[in-house]
Amino acid sequence: MLYLLPLSAIARPFVLVLSQDDLIDAPPSTTEDDSSSEWDEFGDSNTKPEDLDPGSWRPIFEPTAADPAAASEYENEEEEALFYSGITNMVSSVSSGEPRLMEEAASEIEASASGGYPHAQSALGFLYNLGMTREWNRAKAFMYHYFAAKGGNMQSKMALAYTYSRQDVSVCVCVCVCVCVFTRELTSLIPIDKMYDKAVKLYAELAEVAVNSFLISKDSPVIEPVRIHNGAEENKEALRKSRGEEDEDFQILEYQAQKGNAGAMYKIGIFYYFGLRGVRRDHAKALSWFLKAVEKGEPRSMELLGEIYARGAGVERNYTKAFEWLKLASRQQLYSAYNGMGYLYVKGYGVEKKNYTKIDFMVSSCSIGFQAKEYFEKAADNDEAGGHYNLGVMYLKGIGVKRDVKLACKYFILAANAGQPKAFYQLAKMFHTGVGLKKNLPMATALYKLVAERGPWSSLSRWALEAYLKGDVGKAFFLYSRMAELGYEVAQSNAAWILDKYGERSMCMGQSGFCSDAERHLLAHSLWWQASEQGNEHAALLIGDAYYYGRGIEKDYDRAAEAYMHAKSQSNAQAMFNLGYMHEHGQGLPFDLHLAKRYYDQALEIDPAAKLPVTLALGSLWVRKNYANSFLVDVIDSLPEVYPKVEAWVENVIMEEGNATILTLFVCLLTVLYLRERQRRHAVAGEAALPQQPNDLVAPVVAN
């Protein structure tokens, strides 16, 4: 039995269990996938984030990351200029709380979109999806994302893939009519069984782009979006670790690096290179710190310098220098560097050119594949996940070895168990194509999505967190809302929590001006619902509470029970308790005291902290069962109505400053009197228990 435990990007991790029945032999003939270049399976380092995510908002949030050539082109293109001006004004509007500026920004984006600029069409789709300065219209949002995706916008492809994966028929049916007006590509409604096909194809394309952004030697650190809340409260511990250069730990580390500590220099370089723990990504600073660390003899920096030169990140790309640095790192027993060396050898970057003809292709591939295989085996022999992944690619494609799909699959599973995201991508392809594993589109979609969410567009999460930590709640909500549209569960729950927590301070803007309380409730409800669909049990619980109490929506016990059932399936103790209560009172569920007791018991098994409420609930069940139709049952049923009144009385009367002081003195007086009385009783009891002294004894009478 083979187990795959991916590091999930959703609320709760999942476990994929593969049996030998899931492994199938490769077909004797080459598949359509094999017709592509053999080397392309290793990805491509010859790209930059701005190339992989065209239309990114990076030039606004990380101006130094913008390519100078792209900047000059931006100034000369009217539609592009309008687009970036519009995005800049949108960000300023949500930060300052000026609806008028948002309307101007939306007009600029609409003007750019009408000129056919795809990235402006993507932003306009976002506005319609959020109902910001435009009517809330998901069909129009889908339509604009459709055309933006056709124009190459990757974030719109993420939005479309997420919509298809949800099988949101209502959106797709409505949009088909709109799209048919402009194109002949969609001439009929999309059947449900075809929606997964569309989702998996889009996620496959996005995952491939994400893989091309990963490191070539060591595994890229998994930078998951930070959940800014823990249940209903702010996640203070996670936020403390994400304060970037203002964090005390970072400042101590930087001080140590400035004093010549090589290990600290390397860690500071890592923070700047990847943008970890809230630090603004800066490749130039990363390069500087890595070079200083190497001078102090830090070998790990050598490997990262190889990555930097291979990527051209903050420095001119130089594959020869990249290979040299990786080779130096490998001599220091950094076995992951062998992956980078093998990659460069396979690609012909810095070692020999990849200009093979059809005649000498087989001979060249065998010799190059043999040398690369040696490097990959050295990495794999030392438990490097990248080595297992690269060997899997070689056996999958038959590069320098005899093609063996089953062996390739096992290598991919080993790499995936170690958290190698590229391995998730290859397993997704196997589930997608049915090569090596039985075809399974839902599983392929889930794994593709897992990888795609680590693509360069995930930078939105860093910018949102940075804004939140600086107190710019409006900008944080705006950016999390954009990520939520792309299908990020963490962003969906963060945006919903900001709406519930901060209300008007969230700077939520509707069709005209700021959102009303009702509009915020509806938007938060929609975001929580999407998060619950992706496994967020807290979100499902909040949805149930909203329907049960009628918060922002009409009270509906049936839908509340459905939401609690969803949370209960994820072992949520509160949801189990709520389901027991609904069975006890016949609200949205059949009146059934036996099922009520079962749910109460399950809640206690899951969470021992629920002992007191469960004990009280079981007492209520006992009374209801043994004294049905009595005044005791009426008293118990009246408690939900009485409790808020008692709570309000305590808050408004007792907790007033003067009353609270008098009550405190009265309680103290009663306590003193009680203790004095207790002391007196103990004294009396002690006297009664004292034995009689010898001189108090009466002499026995002797009979004559």
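Helices here are DSSP runs of H or I, at least four residues long, numbered from the N terminus. The model on screen is predicted.

**Stop 1: helix H23**

Select residues 459-469, which form helix H23. This helix is mostly covered, with 11 of its 11 residues buried. Now step just past the helix to Gly-471. Its phi is positive, at about 85°.

**Stop 2: Phe-290**

Move to helix H14, residues 283-295, and pick out Phe-290. Is Phe-290 buried or exposed? Its relative accessibility is 0%, so Phe-290 counts as buried. Next, show what surrounds the residue. Then draw a C-alpha to C-alpha line from Phe-290 to Lys-267. That line spans 8.9 Å, while the two residues sit 23 apart in sequence.

**Stop 3: aromatic rings**

Show the aromatic side chains. How many aromatic pairs does a search of the whole structure find? The search finds 23. Zoom in on one of them, Tyr-338 with Tyr-375. A pair of rings is described by the distance of the centres and the angle of the planes. For Tyr-338 and Tyr-375, the centres are 6.2 Å apart and the planes are 20° apart, and the pair is stacked. Tyr-338 belongs to helix H17 (residues 337-347) and Tyr-375 to helix H18 (residues 361-381), so the pair ties together parts that are 37 residues apart in sequence. Both Tyr-338 and Tyr-375 are buried.

Now select Trp-57, Phe-126 and Phe-478. Ring pairs link these three into a cluster.

**Stop 4: helices H27 and H28**

Finish with H27 (residues 537-549) and H28 (residues 557-568). Their axes come within 8 Å and cross at roughly 165°. Angles over 145 degrees count as roughly antiparallel. H27 and H28 are therefore roughly antiparallel to each other. The crossing of H27 past H28 is left-handed.

Show the side chains where they meet. From H27, the contact includes Glu-537, Leu-541, Ile-543 and Tyr-548. From H28, it includes Tyr-557, Arg-559, Tyr-564 and His-566. Colour the contact by class: 10 residues are nonpolar, 2 polar and 3 charged.

How values were computed
Residues are numbered from 1 along each chain as its sequence is written. This is a predicted model: local features need pLDDT of at least 70, side-chain atom pairs count only at pLDDT 80 or more; totals for chains, interfaces and linings use all residues. Side-chain values use heavy atoms; hydrogens and water are left out. Axes are lines fitted to C-alpha atoms, for helices over the stretch in contact, and angles run from 0 to 180 degrees between N-to-C directions. Helices (H or I, at least four residues) and strands (E, at least two) are DSSP runs, numbered from the N terminus. Angles under 35 degrees count as roughly parallel, over 145 as roughly antiparallel, 65 to 115 as roughly perpendicular and the rest as oblique. A crossing is left-handed if the near helix is turned anticlockwise from the far one by less than a right angle, and right-handed if clockwise. Contact means heavy atoms within 4.5 Å. Ala, Val, Leu, Ile, Met, Phe, Trp, Tyr, Cys and Pro count as nonpolar, Asp, Glu, Lys and Arg as charged, and the others, Gly among them, as polar. Buried means under 20% relative accessible area, exposed over 50%, partly exposed in between (1.4 Å probe, protein chains only). Rings of Phe, Tyr and Trp (its six-membered ring) pair if their centres lie within 6.5 Å; planes under 30 degrees apart count as stacked, over 60 as edge-to-face and the rest as tilted.
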